[in-house]
Every structure is written in structure tokens, then in C-alpha cells.
Amino acid sequence: MESVSLKAREGGTGQGEADVVRFSNGQRLSKAVPIAIGGFVLGAASIVIPGVHLISTWAIPLLSLGIAWYFFGKRGSVRRVTGTCPACGEAMDAEGGDWEDPMYVRCDKCEKPIQVLLASPMP
Ligand SMILES: [Zn+2]
């Protein structure tokens, strides 16, 4: 868990803690590169399938590049956020997800979107 700042849309701020996972560039590459290579290999291999190869030889590599780009874009996640809700003042325990910028979680007490500000940025 690490300390985070919580911010309500209305302007209130509060302190909290979050379960933050950061993926380094190396970790992101080690996920994305095999997917991209796999797509090119699979696309090239599909040249032996009559008819299908007209589309699959370029569609599969293209698709795999898209998937690889998606995994490379995942910089980390903020899994669970606890603290004092800046909107309603109650102790909140919110479920996070994949990191987005800006990152919002929903307070489990008042259902308002709360922005999570990390003390140190995502890689
Ligand atoms: Zn709340």
C-alpha cells in the first residue's frame, strides 16, 4: 500500500492508501514483444491455408500488433483504494482497476467518482 491523495469533483481533497502496481518498461515490453512476434509467425504460417491466407497473412500480424500495443499501454494498476472520501467524509473502500490518467474510483459509500493522485508517477 502507498499513500495517495484523493480528490472529489466538487474540489474536496483527502488522504488515502492504495494498492499500486507499476509495470516497468521492460515488463511491458516482455509482454508486448512476444505477442507481436507470435502474430507475425502465425500470419506467415497461415500462408499454407488456401483462400484464408489472402486475409490472414496480414490480418493476424495487424491484430497482434494491436493487442501488443494494448499490453504495452498498460502502465500499471491501482487495485484497492482506502481512506477518507473527500466527497462524503466517510471511510471509503473502493475497487480500482487498470491505471488511467486521470484515474477515478467510485466511493463505496456515496457512489461519487473520486480521483486518485499518486505520490510518485506511473513509469
Ligand atoms: Zn464518498
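How close do the axes of α1 and α2 come, and at what angle do they cross? They come within 7 Å and cross at roughly 175°. The model is predicted: local features need pLDDT of at least 70, side-chain atom pairs count only at pLDDT 80 or more, and totals for chains, interfaces and linings use all residues. Residues are numbered from 1 along each chain as its sequence is written.

**View 1. Helix α1 and its buried face.** Helix α1 spans residues 25–45, 21 residues in total. Helices (H or I, at least four residues) and strands (E, at least two) are DSSP runs, numbered from the N terminus. From first C-alpha to last, α1 reaches 30 Å, close to the 30 Å expected at 1.5 Å a residue (1.5 Å times one less than the number of residues). A32, G39 and G43 are its buried residues. Down the axis of α1 they fall within an arc of 30°, so they line one face of the helix; the arc is that of the directions from the helix axis to the C-beta atoms. G26 and S30, on the other side, are exposed. Buried means 20 or more other C-beta atoms within 10 Å of a residue's own, exposed 12 or fewer, partly exposed in between, with C-beta atoms placed from the backbone.

**View 2. Helix α1 against helix α2.** α2 (53–73) is among what covers the buried residues of α1. Contacts (C-beta atoms, placed from the backbone, within 7 Å) involve A32, G39 and G43 of α1, among others. On the α2 side they include W58, P61, L65 and F72. The two helices are therefore roughly antiparallel, a label for angles over 145 degrees. Axes are lines fitted to C-alpha atoms, for helices over the stretch in contact, and angles run from 0 to 180 degrees between N-to-C directions.

**View 3. Strand β6 and its partners β1 and β5.** β6 (residues 113–118) runs antiparallel to β1 (residues 2–8), joined by 5 bridges. Strands pair if DSSP finds at least two bridges between them. K7 has Q115 as its bridge partner in β6. β5 (residues 103–106) also pairs with β6 in the antiparallel sense, over 4 bridges. Here V105 is partnered by I114.

**View 4. The β5–β6 hairpin turn and E111.** The hairpin has 6 residues between its strands. E111, in this loop, has a positive phi of about 65° although it is not a glycine. E111 counts as exposed because it has 9 C-beta neighbours inside 10 Å.

View 5. P102 lies in the loop between β4 (91–98) and β5. Most peptide bonds are trans.

How values were computed: Contact = placed C-beta atoms within 7 Å. Parallel < 35°, antiparallel > 145°, perpendicular 65-115°, else oblique.
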